[in-house]
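Please work through each task before reading its solution.

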Amino acid sequence: MATVEDLDRIARGFEGVTVGAYWDDPTAYLLPGKGGRGFVMKRSPRRQEGVIDPATDEPYADLIVVAVATAEARDEAFAIFPTELVFTIPHFARSTAVLAHLHELSTEQLEDLLDIAWRSK
C-alpha cells in the first residue's frame, strides 16, 4: 500500500511542484505558477460527515485531499477508483477535490490519481 514516502516521491515528480504549508498541512504539495495553490495535501483527522471510521468511531488518519481542477477529472477518478478509496464529502460540495485513503491505495493507484489531478490543471 502507498506510504507518505511514496506520496512525496510521486508528487515531487511532477514538474515544478514544491512543498510548503497549505491549509493545516505544513508539507503540502503546491502547484507551480498558481500562487502556491495546493495540489495534494494530507488532511488532519476531523469529525466530519463521511470521514469517521465506522469500526472505531475515530476520524480516518490517512486521508489526502487531491485537488483535481475539473468536474470531468473528478468524475474520471470516481469511475476508476472504488468509492471506499476515492470519495467526497459534503464539506467539498462546491469543490472538485477528492479525498483518498493513502494507505489503502497501491502505489500505482496513487500515481494514477495524481496523474488525473495533474492533467486537469
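**Salt bridges in the predicted model**

D115 is partly exposed, with a relative accessible area of 30%, where partly exposed lies between buried (under 20%) and exposed (over 50%), for a 1.4 Å probe and protein chains only. The model is predicted, so local features need pLDDT of at least 70 and side-chain atom pairs pLDDT 80 or more, while totals for chains, interfaces and linings use all residues. Residues are numbered from 1 along each chain as its sequence is written, and side-chain values use heavy atoms, without hydrogens and water.

**Exercise 1.** Identify the salt-bridge partner of D115 and locate both residues.

*Solution.* A salt bridge requires a side-chain nitrogen of Lys or Arg within 4 Å of a carboxyl oxygen of Asp or Glu. D115 meets R119 at 2.9 Å, N to O. Both belong to helix α3 (residues 107-120), 4 residues apart, about one turn of the helix; helices (H or I, at least four residues) and strands (E, at least two) are DSSP runs numbered from the N terminus.

**Exercise 2.** Determine which parts the salt bridge between K42 and D25 ties together.

*Solution.* First, the closest N and O atoms of K42 and D25 are 3.7 Å apart. Next, K42 lies in strand β3 and D25 in strand β2, so the pair links parts 17 residues apart in sequence. Finally, K42 is partly exposed at 25%, whereas D25 is buried at 4%.

**Exercise 3.** State how many salt bridges the structure holds.

*Solution.* The structure holds 9 salt bridges. Among them is the pair R46 and D24, at 3.2 Å, N to O.
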